[in-house]
Amino acid sequence: MISTVLICTALLMSDGDSGRCVTADGERHRVRLAGIDAGEVAPHTRCRQRPDVWACSPVARGSADRASHRARRLAANGARCTVTSTDRYRRNVAVCTVNGRDLGGTLVREGLAISETNFGDPYRREEDQARAARRGVWE
């Protein structure tokens with residue numbers, strides 16, 4: 001399988017796990033970080049549709065602004081996103097790196113997102129580290 005790679009001059013994060021990749025030619029691609037889940041930010045549309053998901057829990061929503069802010073800071077100067085699939089909202093599901101560091105892994109390690117068990121739990125080690133160190137949602 002051939003992966004699509006998006007070179008983003010900016011990755012404009014709308015929350016802790018999704019945003020828009022802007023390429024050098026000005027194209028915009030909706031991106032969802034693969035394998036993580038972060039708290040929902042207002043207007044909480046997903047929470048009206050599926051209130052039972054972790055991202056809609058009080059602890060997740062309480063950390064949503066911090067996760068969004070951190071994701072924006074990390075990705076503001078660009079990212080390299082390897083698209084793994086598309087989701088039901090037709091966003092590119094991707095592993096994005098900034099200066100060679102996995103953006104999703106960083107957010108999970110800092111306790112600002114969790115490893116998504118519905119998608120293979122790829123960041124279990126990072127989540128365990130955050131939990132043990134009582135960072136972010138694990139405080």
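How many salt bridges does a search of the whole structure find? The search finds 9 of them. Keep in mind that this is a predicted model. The exercises below look at some of these pairs, and then at a few other residues.

**Exercise 1. Decide whether D37 and R32 are buried or exposed, and say how they interact.**

Solution. 
- Step 1: Start with the pair. D37 and R32 form a salt bridge, and their closest N and O atoms are 3.5 Å apart.
- Step 2: Recall the cut-off: buried means under 20% relative accessible area.
- Step 3: D37 has a relative accessibility of 2%, so D37 counts as buried.
- Step 4: R32 has a relative accessibility of 12%, so R32 is buried too.

**Exercise 2. Find which parts of the chain the salt bridge between R66 and E139 links.**

Solution. 
- Step 1: In the salt bridge of R66 with E139, the closest N and O atoms are 3.8 Å apart.
- Step 2: Place each partner. R66 sits in helix 2 (residues 58-75), while E139 belongs to the segment after helix 4.
- Step 3: The two are 73 residues apart, and the pair links distant parts of the chain.
- Step 4: Check the surroundings. R66 is partly exposed at 40%, whereas E139 is exposed at 60%.

**Exercise 3. Work out why the pair E110 and R70 ties together separate parts of the sequence.**

Solution. 
- Step 1: The side chains of E110 and R70 meet in a salt bridge, with 2.8 Å from N to O.
- Step 2: E110 lies in the loop between helix 3 (103-109) and strand 9 (114-115), and R70 lies in helix 2, so the pair joins parts that are 40 residues apart in sequence.
- Step 3: E110 has 24% relative accessibility and therefore counts as partly exposed.

Salt bridges can also join up into a group: D121, R124, E127, D128 and R131 are linked in a network.

**Exercise 4. Name the residues in the patch of positive charge on the surface, and look at R30 and R90 in turn.**

Solution. 
- Step 1: The patch gathers R20, R28, R30 and R90.
- Step 2: R30 is part of strand 4 (residues 28-33), and with 33% relative accessibility R30 counts as partly exposed.
- Step 3: R90 is in the loop between strand 6 (79-86) and strand 7 (92-98). Its relative accessibility is 74%, so R90 counts as exposed.

**Exercise 5. Describe the setting of V41 and how far V41 is from R30.**

Solution. 
- Step 1: V41 lies in the loop between strand 5 (36-37) and helix 1 (45-49).
- Step 2: With a relative accessible area of 18%, V41 is buried.
- Step 3: Leave aside neighbours within four places in sequence; V41 is then in contact with S14, D15, A64, D65 and S68.
- Step 4: V41 and R30 are 11 residues apart in sequence and 17 Å apart in space, C-alpha to C-alpha.

How values were computed. Residues numbered from 1 in each chain as written. Predicted model: local features only at pLDDT ≥ 70, side-chain atom pairs only at ≥ 80, totals over all residues. Heavy atoms only, no water. Patch = residues over 30% accessible without salt bridge, like charges linked within 9 Å, V, L, I, M, F, W, Y side chains within 5 Å. Areas by Shrake-Rupley, 256 points an atom, 1.4 Å probe, with all protein chains shown as cover. Salt bridge = Lys/Arg side-chain N within 4 Å of Asp/Glu carboxyl O. Lys, Arg positive; Asp, Glu negative; His and termini not counted. Charge placed at Lys NZ, Arg CZ, Asp CG, Glu CD. Helix = DSSP H or I, 4+ residues; strand = E, 2+ residues; numbered from the N terminus. Buried < 20%, exposed > 50% of the residue type's maximum accessible area, 1.4 Å probe, protein only. Contact = heavy atoms within 4.5 Å.
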